[in-house]
Amino acid sequence: MTGSKSKEVLSSAALEGYKIKEWSIKMGFVVVAVFLIYAQMLNADFVWDDNNLVVKNTYITDFSHVKQIFKNDLAAGAGLKYYFYRPLQNVSYAIEHAVFGLNPWGYHLVNILLHLAAAWAVFRLVLHLTNEGWFALFTATIFALHPVHSSVVCYIASRADLLCGLWMLWSFYWYIQSVELNDRRKLGFSVFFYVLALLSKEYALILPVFLCLFNSYRKISIQLRWWGVFIAVSLVYVVFRIAVVPDILSPFNYVVPLALKIPGAFAALAEYARLLIFPSRLHMAYGNFLFSFSDLLVWKGIFLFIVLGGAMVVLRRSLLGFACGWFLLGLIPVILFPVNAFMAESWLYVPSVGYVLVLAWLVRFLLTHLKLRIFGCLMAVIVILGYAQMTWQQTRYWQDDLVFFSWTAKHASHSGKVFYNLGNAYLRSGDRAQAVRSYQKALALNPDIIEARAALEKLSKP
């Protein structure tokens, strides 16, 4: 790096430091807004897999189990097998168990705080990329308030998405700092957070691709001796992960022939875009649907793929191209290798950073044109208030199992598993008639749910 280039980067860093202080107070309003929106979650109960991963998890009751946490499946402490290796998720639960016991409000509070920390990471990252305080603040605000993230924040079992997203963002932030300043110490920070991300969720393996995207965006040649560190860490992690949870393909219940997987990937891409732009009908059971090239949704996805891919290549030196690339590349692992369903809202947590960047870019474009400025202001206000209201609405459906499964059943009428769990929720509430109807619906949708059949037989006895 030349002397003039070094001075330019250093002055940019000084400007960023000044703006962090200037805009931190304004970020405080975002913190208040998030707490107000998610406040009712502090009264919510454990829901669905929260019971397996927290309530029934013996590994989190005592720190003497830390060794087992790092050597076993995510749900091993409950005597179950989820085929996921996410030790930091269980470590976080163990810390909370030591502080809160089995009081759910503490776990919900930590989820809210982690989401705010991720929003702060988005703010710092965008501020560094643009040196525009309001732009960074708007981007972080949309990320913090977006309804599609409500499933991650409200669902304690989605802790892995929060941890992985947070560590990935900080790893990426320190990487760009290390590249621009040629600073090995900052590279060490980046690698450290990458390791934390990997130990939180397998998805973090996509990070080296994001690093290449940044190098292309900033026209910086990749230093193989630095980038190679991430590849080496990734390989070590994969080997270790397979050694701990060797049956790596077991969770992929949505395994289908390639000829069907490709149209399904395009369909998922189109539906993900819809959830981000118009986040309606949010729920937790999208199902194992199969698609063909005769489906309109698939062609919408193909069109979107061409647009995003084209923008990523043609506009690769611009922030818009970088944002499109982040969104598209971030979705590739989950649209090609979905787990248990063809899509899930929680898988948008990291890719959504690309979307909020595009949205912020659009608002900035409108504000820079005098005739469009009023429209830009209105758009910004409507988006923020609209997303905030929708997120608050979503938190109402996460209060307990009965409310949650009743809501999910309305939007996932195809899922026998959801109706079986709804039956269990009705049974716990004392409503045997509704429980019977739910179990019958579950068996009508999926006769293989033997638990529902057993429950009906038990209820039929006097």
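Buried, in these legends, means under 20% relative accessible area, and the structure shown throughout is a predicted model.

**View 1. Helix H15 and its buried residues.** Helix H15 covers residues 352-367, and within this helix Ser-352, Val-353, Gly-354, Tyr-355, Val-356, Leu-357, Leu-359, Ala-360, Val-363, Arg-364 and Leu-366 are buried. The 16 residues of H15 reach 23 Å from the first C-alpha to the last, which is close to the 22 Å expected at 1.5 Å a residue.

**View 2. Helix H16 and its buried residues.** Helix H16 covers residues 373-395, and its buried residues are Gly-376, Met-379, Ala-380, Val-383, Tyr-387, Ala-388, Thr-391, Gln-394 and Thr-395. At 1.5 Å a residue the 23 residues of H16 should span 33 Å, and the end C-alpha atoms of the helix, being 33 Å apart, agree with that expectation.

**View 3. The contact of H15 with H16.** The axes of the two helices come within 7 Å and cross at roughly 150°; because angles over 145 degrees count as roughly antiparallel, H15 is roughly antiparallel to H16. On the H15 side the contact is made by Tyr-355, Leu-359, Leu-362, Val-363, Leu-366 and Leu-367, and on the H16 side by Arg-373, Phe-375, Gly-376, Cys-377, Met-379, Ala-380, Val-383 and Tyr-387.

**View 4. Phe-210 in the largest nonpolar core.** The largest nonpolar core holds 160 residues, of which Met-168, Phe-172, Phe-210, Phe-214, Tyr-272, Phe-322 and Trp-326 touch the most other members. When neighbours within four places in sequence are left aside, Phe-210 is in contact with Met-168, Phe-172, Tyr-203, Trp-326, Leu-329, Gly-330 and Val-350.

**View 5. Tyr-83, a residue with positive phi in a loop.** Tyr-83 is found in the loop between helix H3 (66-71) and helix H4 (87-100), and it has a positive phi of about 65° although it is not a glycine. With a relative accessible area of 23%, Tyr-83 is partly exposed.

**View 6. Asn-182, a residue with positive phi between two helices.** The loop between helix H8 (159-181) and helix H9 (184-198) contains Asn-182, which is not a glycine and yet has a positive phi of about 55°. The relative accessible area of Asn-182 is 45%, so this residue is partly exposed.

Note on methods:
Residues are numbered from 1 along each chain as its sequence is written. This is a predicted model: local features need pLDDT of at least 70, side-chain atom pairs count only at pLDDT 80 or more; totals for chains, interfaces and linings use all residues. Side-chain values use heavy atoms; hydrogens and water are left out. Axes are lines fitted to C-alpha atoms, for helices over the stretch in contact, and angles run from 0 to 180 degrees between N-to-C directions. Helices (H or I, at least four residues) and strands (E, at least two) are DSSP runs, numbered from the N terminus. Angles under 35 degrees count as roughly parallel, over 145 as roughly antiparallel, 65 to 115 as roughly perpendicular and the rest as oblique. Contact means heavy atoms within 4.5 Å. A nonpolar core is a set of buried Ala, Val, Leu, Ile, Met, Phe, Trp, Tyr and Cys residues joined through side-chain atoms within 4.5 Å. Buried means under 20% relative accessible area, exposed over 50%, partly exposed in between (1.4 Å probe, protein chains only). The expected span of a helix is 1.5 Å times one less than its number of residues.
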